[in-house]
Amino acid sequence: MTTSETVVLDIDGLRMRYGSVDVLHDVTFQVRHGEVVALLGPNGAGKTTTIEILEGFRARSAGRVEVLGADPAHGDEPWRARVGVVLQSWRDHGKWRVRELLAHLGSYYADYSTERITRPWAADTLIAAVGLTEHANKKIRMLSGGQRRRLDVAIGLVGRPELVFLDEPGSGLDPVARREFHDLVQGLADEGETTILLTTHDLNEAENLADRILVLNHGRIVADGTAAELAQRIAGEDQVRWTRDGQHFRHSTTESTAFAFDLFQQYGAAIENLEIRRASLEDTYLSLVHRAESGRYEAAHVNKAEEEVAR
Amino acid sequence: MNPTATALRAGWSRGLIELRQTLTNGGDLFNHFFWPVLMLATLFFLRDVSFEQSGFMLGALALPSILGMNAAMGMVTMSQILTADREDGTLLRAKATPHGMQGYLVGKVVSVSGGLLVDVAIFLIPALFLISGLSVGGPGPWLTLSWVLALGLVATLPLGAVLGSVFTSTRSQGLLTLPILAMIAISGIFYPIAALPEWVQWIAQGFPIYWLGLGMRSALLPGSAAAVEIDESWRHLETAGALGAWAVLGLLVAPVVLRRMARRESGSTVAERRERALRRVG
């Protein structure tokens, strides 16, 4: 068995219920060593609940959960040393200096080195890796939002974890800081040694960072695959627009090329201003979430894609 | 090296780092000096007032009592810090680290008791010059002071941690101030307890502040001053017994309460508190 075949996360039939409300119904998925997987879904889909159960910070109602071969609800300290959690900092450790805090937190991992992994990450190397070298002696409360998020990543990585959890990594960052942050996560992923599970409600973020996307909606996994697979499998409709005799027409179809061919056969040169917009991953995602919702609320919902909207 | 020992060592160095931070920071330094200086001013006005017909000066009686009160205040500090650290996510970081909670707690005990010793020194050293009628020659008084202080800390810090786990926001911590002030008022800190009604004396003896004050008085006052105490005695055995009982209670309850509190911490609980706190400001 090679390491790339090792299942790091194995979740089967995970359920979570708060009072009488089911937040997660039967969540099932696996993540293998070295994979970067995004848990994508709208707000309130159950992403944070799921990741917190896997982190061992929240007790589940039912289902089997194995994280690095152990049940996170009973994860012991050696298990904890193999897991990295990137938390969103607010104002904790404001009086600490960057290097001071990383060296301190790293010292807890010193006894958990293995033959393959030396723990912890040396503070200065880590600081350089997240691009905070010139701020190493700054007090943490003096850092900008983007710098703090990079420090959060550094703290999550200081024990050289085999598995890293990132909850909503890009939220609250300006576009520049967000790009830097994504580069940082990508750099980590490219080494292929670290398995990463992240949650996001932002499709672009999922597409940028993840090898595989799990779409979570209303407490269920409604799709699982690479960005390309998702776009293909849940064929979102292409938009076809044209004018004929001064009238505007619009049609949604999965077979846009064939549809255009038919149009020309039927009306020939009368067709003007033809425009075909391919389904983007965003459309796929929206129709997925929409389909899941309509399946839930209106069983007899007429599929919008069948309608033709004229004028 | 075993991981628990590593965590204890990490906790120790955490405590020292935090102690250094609190002593090199304007706001914290103000807090360190504020109470001792206020108490010194109180002592200054009490120094020439004598207690009833006993011939003892109130200033001399109050000095060790205030020392005892200071020591007991470690409980409040501990409780406030714990609540603040839970609110801002410090505790969650500890939870995400192997043996992090152990390290965190050791660190807190070191930094809070270290800060307390600093506060005690800030008050005690000038006070000794201000007040006469104390008996501080030889090692005896300092030995008594040390064991009372040490036992007092073991009795009060775990209790502080328990209180800190019970209060969920720094705001609700304010509720704690009133009962603490009431406890100080009846504990014979500023006025000898034997002069208070008997039922008040019984209540006061139920709490560690009284025993810390009594122990401090027994350390620093001449033996004859015991005349103004309950039973006209320093009651060392009872002091050790009462503080010891609180210590055992605290050490038994604190780990349970702390573990329960820690179990509930997660990213979303911290985010929730952050939002609540920001709404309050904004």
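Predicted model: local features only at pLDDT ≥ 70, side-chain atom pairs only at ≥ 80, totals over all residues.
Colleague: Why is Arg64(A) called exposed?

Modeller: Arg64(A) has 12 C-beta neighbours inside 10 Å. A residue is exposed if that count is 12 or fewer, so Arg64(A) counts as exposed. Arg64(A) belongs to strand 4 (residues 62–67) of chain A.

Colleague: What does Arg64(A) touch, leaving aside residues up to four places away in sequence?

Modeller: Arg64(A) touches Asp12(A) and Gly13(A). Contact requires C-beta atoms within 7 Å. As for Thr28(A), it is 36 residues from Arg64(A) in sequence and 9.1 Å away in space, C-alpha to C-alpha.

Colleague: Why is Glu168(A) called buried?

Modeller: Around Glu168(A) there are 20 other C-beta atoms within 10 Å. Buried means 20 or more, so Glu168(A) is buried. Glu168(A) sits in the loop between strand 6 (163–167) and helix 6 (175–190) of chain A.

Colleague: What makes the phi of Glu168(A) worth a remark?

Modeller: The phi is near 50°, which is positive, and Glu168(A) is not glycine. Most residues other than glycine have a negative phi.

Colleague: What is the phi of His99(B), and why is His99(B) called buried?

Modeller: The phi of His99(B) is near 60°, again a positive value in a residue other than glycine. His99(B) has 24 C-beta neighbours inside 10 Å. The cut-off for buried is 20 or more, so His99(B) counts as buried. In chain B, His99(B) is placed in the loop between helix 4 and helix 5.

Colleague: What makes strand 8 and strand 9 of chain A a pair?

Modeller: Five bridges join strand 8 (residues 212–217) to strand 9 (residues 220–225) of chain A. A pair needs at least two bridges, so these strands pair, and they run antiparallel. Ile213(A) stands opposite Gly225(A) in strand 9 of chain A. The hairpin has two residues between the strands, and His218(A) in this hairpin takes a positive phi near 50°.

Colleague: How do you know that the bond from Arg119(A) to Pro120(A) is cis?

Modeller: Its omega is near -5°, and the bond is cis. Most peptide bonds are trans. Pro120(A) lies in the loop between helix 3 (98–107) and helix 4 (123–129) of chain A.

Colleague: Which helix of chain B gives the most to the side that touches chain A?

Modeller: The contact takes 28 residues from chain B and 27 residues from chain A. Helix 1 of chain B gives the most to the side of chain B that touches chain A, with eight residues. By class, that side has nine nonpolar, 14 polar and five charged residues.

Definitions and conventions
Residues numbered from 1 in each chain as written. Chains lettered and ligands numbered in written order. Contact = placed C-beta atoms within 7 Å. Helix = DSSP H or I, 4+ residues; strand = E, 2+ residues; numbered from the N terminus. Nonpolar A, V, L, I, M, F, W, Y, C, P; charged D, E, K, R; others polar.
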